[in-house]
Amino acid sequence: MATAARKAESSKSAASRGKSSARSKSASSLKTPAPLNFKKDEELQAYRDMLLIRRFEEKAGQLYGMGFIGGFCHLYIGQEAVVTGLQMALRDGDQMITAYRDHGHMLAMGMTPRGVMAELTGRRSGYSKGKGGSMHMFSKEKKFYGGHGIVGAQVSLGTGLAFANRYRDDKSVSLTFFGDGAANQGQVYESFNMASLWKLPVIYVIENNRYAMGTSVLRSSAETDFSHRGISFKIPGIQVDGMDVRAVKAAGDLATEWCRDGNGPVILEMQTYRYRGHSMSDPAKYRSKDEVQKMRSEHDPIEQVKQRLIDKKWASEDELKAIDKEVRDIVADAAEFAQTDPEPDASELWTDVYVEV
Amino acid sequence: MPIEILMPALSPTMEEGNLSKWVKKEGDKVASGDVIAEIETDKATMEVEAVDEGTIGKILVPEGSEGVKVNTPIAVLLAEGESADDIGKAAAPAEKAEPAQNAADDPAPEKPAKDAAPAAPKTETAADPDIPDGTEMVPTTVREALRDAMAEEMRRDDDVFVMGEEVAEYQGAYKITQGLLQEFGARRVVDTPITEHGFAGVGVGAAMSGLKPIVEFMTFNFAMQAIDQIVNSAAKTLYMAGGQMGAPIVFRGPNGAAARVAAQHSQCYAAWYGHVPGLKVVMPYTAADAKGLLKAAIRDPNPVIFLENEILYGQTFDVPKLEDFVLPIGKARIHKPGRDATIVSFGIGMTYAVKAAEELAGEGIDVEVIDLRTIRPMDLDTVIESVKKTNRLVTVEEGFPQSSVGDFIASQVMQRAFDWLDAPVITVAGKDVPMPYAANLEKLALPNVAEVVEAVKAVSYKA
């Protein structure tokens with residue numbers, strides 16, 4: 001019965017949702033936009049936001065080394081422009097969801113460095129009361145939906161957020177992040193199919209940092225142009241220089257508008273790079289030191305902004321140092337807080353398993 | 001003040017390592033991100049990067065040192081303007097890596113108490129609502145009861161919607177969603193592609209943002225494709241989020257064996273999902289329970305697995321005609337009171353239990369039959385109360401025998417009511433084989449009434 005029922009009349013039932021709103025633009029009409037010309041305040045904001053992520057991550061690495069942070073810890077160093085530029089394109093109500101390399105996303109969404117760091121150290125003032133850790137953190141208030149430890153699972157979940165946005169017709173957009181590694185999971189394509197079929201407002205941000213743990217995209221992916229991964233589902237995609245925050249913001253503006261106009265999902269392949277290993281215990285022997293050094297010296301997202309600020313005389317070295325100090329102080333405060341905040345009370349073992357009815 | 005550089009931990013389990021090489025020498029300037037040393041762990045040789053800027057003032061642990069404990073100072077970093085003379089005033093970035101003591105700890109606790117887990121809190125579950133005298137009882141099939149429950153809840157709350165394969169235009173593969181599309185429209189009755197893993201995740205994501213999805217699996221056999229989203233996303237999010245957000249979602253559909261659909265379409269998932277904290281698992285037998293419990297499941301703010309059965313869909317039971325008939329999740333129902341022995345079952349297992357009790361009554365054995373109704377949280381109190389009265393227990397289910405629901409009940413009864421048992425508990429379950437196709441073999445693989453009768457006689461020493 002079951003199998004027979006599946007086959008029967010499958011074509012007939014295709015229609016009820018979404019078909020009425022015909023695609024207003026063709027998928028091929030999306031082109032990678034030119035990087036924006038940032039105004040002074042935008043450059044300064046981007047500089048500060050990216051620097052906060054970098055310094056936070058460096059401190060997290062240090063606290064890991066000291067044993068304050070346990071388990072797995074995946075740092076975002078090198079990829080800061082992706083989340084910073086996209087956050088600049090968001091509106092109130094838009095959501096983010098990602099996998100376990102998530103500290104940068106949380107800071108970008110306005111979650112406090114203290115709360116994030118205290119979760120990393122497993123303390124009671126962490127965003128999840130110390131029960132989630134680095135890979136599992138959430139903020140309902142800031143519309144950050146995790147922090148997920150299973151590679152690819154967040155893609156279906158983020159598509160579900162977009163489903164709810166459409167159900168409520170509230171014009172919010174779900175930014176669903178995943179890496180080049182997750183891009184080979186089956187549920188990604190199940191989600192693409194439904195998102196396109198139902199015209200869901202979801203931006204699939206593929207953070208292509210070239211390595212799925214230790215496996216390069218060339219060794220893992222038959223199609224290495226990830227912006228093409230939606231072709232079978234009529235989802236347009238563009239490749240973006242994910243090391244240039246202005247290019248990311250331009251792509252974010254284009255994609256959010258595309259979604260808010262009811263055109264359905266869109267893919268942004270962010271070409272980026274992680275400087276550190278996959279996790280703290282990864283010696284990164286699968287790539288050359290020269291490769292890492294080249295990205296650092298020629299494409300660093302923070303240095304690019306810094307150089308422009310100096311070239312345009314929008315900020316002096318001293319002013320930038322002052323920003324650096326402000327950021328260091330915030331991170332030092334977060335680290336101090338995260339080391340002194342008490343562990344969760346033992347009674348928390350049993351809380352939050354169920355919502356009490 | 002100079003900064004001490006400490007021997008870092010470089011994996012979740014590292015306690016010590018070998019300092020194989022210094023990349024920087026005393027007097028070298030370093031910037032954050034510069035590699036300063038190489039350390040060999042049990043897994044690999046790792047590079048250590050500087051966090052702070054400064055000049056290497058002194059190397060405290062020479063290269064080639066083995067077994068250097070994590071957090072041992074290995075070098076001193078001087079900031080701008082400091083000299084080697086400042087060494088000695090060095091401060092480690094933090095005192096030590098011991099986690100801060102719990103502020104709420106008693107300063108002088110009893111010795112072992114600190115590491116002992118606190119007892120699980122006990123929760124009370126409400127009893128079934130009273131059905132007023134004179135309430136009309138309407139003969140209803142389980143199929144109709146399930147449909148009515150969904151329709152009533154969808155009328156009550158616009159956040160409730162149903163999605164799954166063939167739920168809308170086809171009217172449900174088993175006709176459980178019949179008429180819902182016509183009443184509620186395509187926005188709320190959503191046909192999905194054949195994509196269990198994907199739409200389970202979409203449902204959980206929608207639930208995390210506050211909607212209340214009812215996700216229908218054409219059968220729970222297909223939900224194995226989606227079990228990661230059910231267990232890792234739906235069940236655990238509330239805990240992982242410290243209570244900020246969870247997944248108010250119902251996963252429902254037929255479960256277990258139907259008839260002659262063989263191994264891949266004939267599995268009971270009660271024990272599987274019953275294993276998972278964060279999930280509630282409901283498996284009704286009667287139409288009234290199906291209706292009242294499905295309504296409760298839809299209103300429940302937690303993820304609920306609602307296990308139905310294709311053979312039961314067409315069976316008719318009385319359902320009270322009440323405006324809003326909701327039953328408590330987590331409460332067993334005494335289907336038939338008795339004195340001599342207790343049979344605990346649930347879902348389609350109840351059909352064997354009820355017939356066995358009738359047969360045994362003819363032989364003078366008065367059996368109490370308990371319909372568990374909910375697998376998790378399990379109403380063991382009702383079971384144990386019954387065992388204290390009858391002193392004999394048989395469990396009945398169609399699922400596989402190892403780590404079955406009956407196994408769990410037996411172990412709990414042994415731990416909590418050992419002195420009341422007059423015989424070892426017998427667990428009647430499906431045979432420990434994949435479901436065969438051949439009619440005779442299928443019959444042999446499932447439990448049957450004779451086995452239940454025999455088990456009750458065995459625990460009563462009347463075999």
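My request concerns the charged side chains: in what kind of contact do the side chains of Asp244(A) and Arg246(A) meet? Please go on from there to the other salt bridges, including those between chain B and chain A.

Analyst: The model is a predicted one, and what follows should be read with that in mind. The side chains of Asp244(A) and Arg246(A) meet in a salt bridge, with 3.0 Å from N to O, and both Asp244(A) and Arg246(A) are buried.

In chain B, a salt bridge joins the side chains of Asp128(B) and Arg373(B), at 2.8 Å from N to O. Asp128(B) lies in the loop between strand S8 (73–78) and strand S9 (137–141) of chain B, while Arg373(B) lies in the loop between strand S19 (367–371) and strand S20 (374–376) of that chain, so the pair ties together parts that are 245 residues apart in sequence. Asp128(B) is partly exposed, because its relative accessible area is 29%, whereas Arg373(B) counts as buried because its relative accessibility is 0%. Chain B also holds a network in which salt bridges with shared partners join Glu152(B), Glu153(B), Arg156(B), Lys291(B), Lys295(B), Arg299(B) and Asp324(B).

Chain A has another such link, for Arg48(A) forms a salt bridge with Glu326(A), and their closest N and O atoms are 3.1 Å apart. Since Arg48(A) belongs to helix H2 (residues 40–65) of chain A and Glu326(A) to helix H12 (residues 317–340) of chain A, this pair ties together parts that are 278 residues apart in sequence. Arg48(A) is partly exposed at 23% relative accessibility, and Glu326(A) is partly exposed as well, with a relative accessible area of 36%.

Over all chains, the whole structure contains 52 salt bridges, and the count between chain B and chain A is 3. Polar contacts across the interface of chain B and chain A involve 27 residue pairs, both residues being at pLDDT 80 or more. On the side of chain B that touches chain A, the largest share, 10 residues, comes from H3(B), and the residues of that side divide into 49 nonpolar, 27 polar and 21 charged. In area terms, chain B and chain A bury about 7,200 Å² between them, and carbon and sulfur atoms give 59% of this.

Conventions
Residues are numbered from 1 along each chain as its sequence is written. Chains are lettered from A and ligands numbered from 1 in the order in which they are written. This is a predicted model: local features need pLDDT of at least 70, side-chain atom pairs count only at pLDDT 80 or more; totals for chains, interfaces and linings use all residues. Side-chain values use heavy atoms; hydrogens and water are left out. Buried area is the accessible area (1.4 Å probe) that two parts lose on being put together, summed over both. A salt bridge is a side-chain nitrogen of Lys or Arg within 4 Å of a carboxyl oxygen of Asp or Glu. A polar contact is a pair of N or O atoms within 3.5 Å; within protein, one must be able to donate a hydrogen and the other to accept it, and residues adjacent in sequence count only if both atoms are side-chain atoms. Helices (H or I, at least four residues) and strands (E, at least two) are DSSP runs, numbered from the N terminus. Ala, Val, Leu, Ile, Met, Phe, Trp, Tyr, Cys and Pro count as nonpolar, Asp, Glu, Lys and Arg as charged, and the others, Gly among them, as polar. Buried means under 20% relative accessible area, exposed over 50%, partly exposed in between (1.4 Å probe, protein chains only).
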